[in-house]
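Me: I have a model open and want to learn how to read it. Can you take me through the sheet and the salt bridges?

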Amino acid sequence: MKSATTFLMFQGQANEAIHQYQQWFPDLEIKSLTYMENSQQVAMAILDLKNLKIMVNDSVIQHNFTFTPSISIFLECESVEEINHLVAQMLEDGKALMPLDNYGFSKQFAWIEDRFGVSWQLTYN
């Protein structure tokens, strides 16, 4: 095996999601980004978030499925302010699967599904 990578397949919202994630995560790096011919749909993008490689694209085929909260991106925040800020941003047009709270296993934890359907688990210990 050469590598293992998180892959997010969107259906026409990849470009919008990438721009949103850049706003949430100022240190998100776009390593590469190509568009489909004569389109703003993403053929393939490679992102780097704190050394997590994330591949992103828009499917050329319409599927009857989307993301599931059973798979999520887990973020360890550095401060209470950071987790509060990220949760507030993600909740704009998103939804809390587990609202920000102390659940015992974490001083502050939230599980958020963003407006694109991608699930994020955030923790601050």
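Me: What is the order of the strands in the open sheet?

Reply: First, the ground rules. This is a predicted model, in which local features need pLDDT of at least 70, side-chain atom pairs count only at pLDDT 80 or more, and totals for chains, interfaces and linings use all residues. Residues are numbered from 1 along each chain as its sequence is written, and side-chain values use heavy atoms, without hydrogens and water. Helices (H or I, at least four residues) and strands (E, at least two) are DSSP runs, numbered from the N terminus. Two strands pair if DSSP finds at least two bridges between them. Here the open sheet has 4 strands in the order E1-E4-E3-E2, with mixed pairing. E1 and E2 (29-35) are the edge strands, each pairing on one side only.

Me: Which strands run parallel, and which antiparallel?

Reply: Strands of a sheet pair through backbone hydrogen bonds, either parallel or antiparallel. In this model, E1 (residues 6-10) and E4 (residues 52-58) run parallel, joined by 5 bridges. Met9 faces Asn57 of E4. E3 (residues 42-49) pairs with E4 in the antiparallel sense, over 5 bridges. There, Ile46 has Met55 as its bridge partner. E2 and E3 also run antiparallel, with 6 bridges. Ser32 is partnered by Ile46 of E3.

Me: What happens in the hairpin of E3 and E4?

Reply: The hairpin has 2 residues between the strands, and Lys50 takes a positive phi near 55 degrees.

Me: How many salt bridges are there?

Reply: A salt bridge is a side-chain nitrogen of Lys or Arg within 4 Å of a carboxyl oxygen of Asp or Glu. By this rule there are 3. One joins Arg115 and Glu16 at 2.7 Å, N to O. Arg115 lies in the loop between E7 (108-113) and E8 (119-124) and Glu16 in helix H1 (residues 14-24), so the pair ties together parts 99 residues apart in sequence. Another joins Asp27 and Lys50 at 3.1 Å, N to O. Asp27 sits in the loop between H1 and E2, and Lys50 in the loop between E3 and E4, so this pair links parts 23 residues apart in sequence. Glu29 and Lys31 also meet in a salt bridge, at 3.2 Å, N to O.

Me: Is Lys50 buried or exposed?

Reply: Buried means under 20% relative accessible area, exposed over 50%, and partly exposed in between (1.4 Å probe, protein chains only). Lys50 counts as exposed, at 59% relative accessibility.
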